[in-house]
Amino acid sequence: MGGNLTRDAGAVCVRAYDHAVRLGHRYLGGEHYLLALAGEDQPAGAVLREYGVTPDRVEEQMLRLAGAGLFRDLDRDALAAIGIDADAVRASIEASFGPGAISRAAQPVFRGVRHPRLNPRRARGAWRAGDFLPHGPGVGTALGNARHAARSRGGEKAGVDDIALAFLAAGDGPVPPLLSALGVSAPALSAAIRDRYQQAS
């Protein structure tokens, strides 16, 4: 995919990958791309931060939503009625296995998609099981849509704006619930990003 991306867009992909490795995730998902985009110096990153989609807030919600998966199907009141404090269980697990242990355990594993150009042996972190991190739901579609958007306006390579807009338009994967948790509208973000790039050109 490297040949289909601008240098800055390629750097976003590398940073998304680094975030996945740093967080101990065994796949590369839309949430990692959103986290990388939120820290960008490009106009898309500036717009995200202006709307409150900051790296700290994205990561906080990622961990909260992943950790919530442990008790997703269990009613906290029902657990409390039989003497189980879900928050105490979480605290005990994290005291024994470290902060974020529940979030790491709750991460799904996806198979079969090789992430191009990136080698986890050269990346920071402990993930060393192979030469790739597979893509999570919707990532391949979003990256394909970014390339298609660039081509449709006559560009040879997808830029940071194309990647941002493609992930914001994703109907599946973790980006929609993350934006909802942050209280942000994907269409409003997309419109602001388009406007910012039009002003810059």
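1. Confidence overall. The structure is a predicted model. The mean pLDDT of the protein is 79, and 73% of the residues reach at least 70. Helix α2 (residues 30–38) has the highest confidence, with a mean of 96. Confidence is lowest in helix α7 (residues 101–106), where the mean is 54.

2. A stretch to treat with caution. Over residues 107–131 the pLDDT stays under 50. Where pLDDT is low, the predicted coordinates should not be read in detail.

3. Helices α1 and α2. Helix α1 (residues 7–22) packs on α2 at an angle of about 120°, and the two axes are 8 Å apart. That angle makes α1 oblique to α2. The crossing of α1 over α2 is right-handed. On the α1 side the contact is made by Val12, Cys13, Arg15, Ala16, His19, Ala20 and Arg22, and on the α2 side by His32, Tyr33, Leu35, Ala36 and Leu37. By class, the residues of this contact comprise eight nonpolar, two polar and two charged.

4. Helices α2 and α9. With helix α9 (residues 160–168), α2 packs at about 135°, the axes being 10 Å apart. The two helices are therefore oblique to each other. Here α2 passes α9 in a left-handed crossing. Gly30, Tyr33 and Leu37 of α2 meet Val160, Ile163, Ala164 and Phe167 of α9. Six of the contact residues are nonpolar and one is polar, with no charged residue among them.

5. Helices α8 and α9. Helix α8 (residues 139–152) packs against α9 at an angle of about 130°, with 8 Å between the axes. This makes α8 oblique to α9. The crossing of α8 past α9 is right-handed. From α8, the contact draws on Val139, Ala142, Leu143, Asn145, Ala146, Ala149 and Ala150; from α9, it draws on Asp162, Ile163, Ala166 and Phe167. Nine of these contact residues are nonpolar, one is polar and one is charged.

6. The aromatic pair. The structure holds one aromatic pair. Its members, Tyr33 and Phe167, are stacked, at 4.7 Å centre to centre and with 15° between the planes. Because Tyr33 belongs to helix α2 and Phe167 to helix α9, the pair ties together parts that lie 134 residues apart in sequence.

Terms used:
Residues are numbered from 1 along each chain as its sequence is written. This is a predicted model: local features need pLDDT of at least 70, side-chain atom pairs count only at pLDDT 80 or more; totals for chains, interfaces and linings use all residues. Side-chain values use heavy atoms; hydrogens and water are left out. pLDDT is the predictor's confidence in each residue, from 0 to 100. Helices (H or I, at least four residues) and strands (E, at least two) are DSSP runs, numbered from the N terminus. Contact means heavy atoms within 4.5 Å. Axes are lines fitted to C-alpha atoms, for helices over the stretch in contact, and angles run from 0 to 180 degrees between N-to-C directions. Angles under 35 degrees count as roughly parallel, over 145 as roughly antiparallel, 65 to 115 as roughly perpendicular and the rest as oblique. A crossing is left-handed if the near helix is turned anticlockwise from the far one by less than a right angle, and right-handed if clockwise. Ala, Val, Leu, Ile, Met, Phe, Trp, Tyr, Cys and Pro count as nonpolar, Asp, Glu, Lys and Arg as charged, and the others, Gly among them, as polar. Rings of Phe, Tyr and Trp (its six-membered ring) pair if their centres lie within 6.5 Å; planes under 30 degrees apart count as stacked, over 60 as edge-to-face and the rest as tilted.
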